[in-house]
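Trainee: Please take one close look at the ligand site for me. I would like the contacts, the cover and the make-up of the shell in one go.

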Amino acid sequence: HAADAHRTDLMTITRHALNEQSKFPESRGDFTILLSHIVLGCKFVCTAVNKAGLAKLIGLAGETNVQGEEQKKLDVLSNEVFIKALVSSGRTCILVSEEDEEATFVAESSRGKYCVVFDPLDGSSNIDCGVSIGTIFGIYLVEDGVEPTLDDVLQPGKNMVAAGYCMYGSSCTLVLSTGGGVNGFTLDPSLGEFILTHPDIKIPKKGKIYSVNEGNAKNWDSPTAKYVEKCKYPEDGSAPKSLRYIGSMVADVHRTLLYGGIFLYPADKKSPNGKLRVLYEVFPMAFLMEQAGGQAFTGKERALDLIPTSIHERSPIFLGSYDDVEEIKALYAAEA
Ligand code: AHM
Ligand code: MG
């Protein structure tokens, strides 16, 4: 039908959040307000990332601009934008960012009930060559009327009320779960709005792709080494898996979510806890994977059961399609 060529009924992320909210009559819209501030941060970073290459061309990076201010590095700038947007939402009490050593405790006057843990710009080694990078976030809720402490964020991932990421790629994509499945939204730059383009994402039960930094292979433990060997030389006569590795967690996880397969950042002899950070890398991605029907495993336990003891703690992580993660779990169980 010709009229269908132009969509006129747009499901924006705000409309979607309001719909979800209406299922909870007691809700006062705080989450929707918080989300709109996260979305603002993502739009800002998207614009900044898209301009980053251009800034080089016209000689801005690392130099002083017309106001005499030195140009901030993209990750520092992104962090400032998120911190300010989250504080000004009036809905947060504790913020943990990969960029800041210490957690930020929001002043009482603008305090709300949510804690947000985030990596404002992950995959920074990919910035200068224009490869996809992203923002990752997770959200906890604190008990009403209790003075917030660090213990409110040192909670297992299963206690998160929402998690998501925004990928700055060929398009800007925001993937979100509030605990009732996973939805993907794409930024329409002409509208400045995220539109629901990937409703109710489910990860394929088994995939054909594995994603890992194989340059670390000589330091892997034996279950990881055996698993990757099986990906390349399957013993059951099935076809070998393809290898895809970008080195940007958001991009590697996004592909895993849509196409299926497994993403691994294992422990190795040099990094016994792996590389990725529990609160704002492992937990949000594990939350999304489970919500999409996949699994996330640390090598010892379900990732979302882990109880962090410090805000920048790391953990090994294996996540993706249900059956693929099941295989690596079996290999670890066999050697436990
Ligand atoms: P960063 O927070 O310093 O950007 O590092 C995190 C990134 C992830 O996006 C990615 O999964 C991983 O580091 C890649 O690490 P490696 O280069 O060791 O393969
Ligand atoms: Mg990071």
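Mentor: Start with the term. A polar contact is a pair of N or O atoms within 3.5 Å; within protein, one must be able to donate a hydrogen and the other to accept it, and residues adjacent in sequence count only if both atoms are side-chain atoms. The model is predicted, so local features need pLDDT of at least 70 and side-chain atom pairs pLDDT 80 or more, while totals for chains, interfaces and linings use all residues. Residues count from 1 along each chain as written, chains run from A and ligands from 1 in written order, and side-chain values use heavy atoms, without hydrogens or water.

Now the contacts. Glu98 places a polar side-chain atom 2.7 Å from an oxygen of ligand 1. For Tyr265, the distance from a polar side-chain atom to a ligand 1 oxygen is 2.6 Å. Next, the cover. Ligand 1 on its own exposes 470 Å², and the protein buries 80% of that area (Shrake-Rupley, 1.4 Å probe).

Then the shell. It holds 15 residues, each with a heavy atom within 4 Å of the ligand. Glu98 and Tyr265 are among those that come nearest, with Asp122, Tyr245 and Met249. Two strands (DSSP E runs of at least two residues, numbered from the N terminus) give two or more residues each: β3 and β11 (262–265). β3 spans 111–122.

How values were computed:
Helix = DSSP H or I, 4+ residues; strand = E, 2+ residues; numbered from the N terminus.
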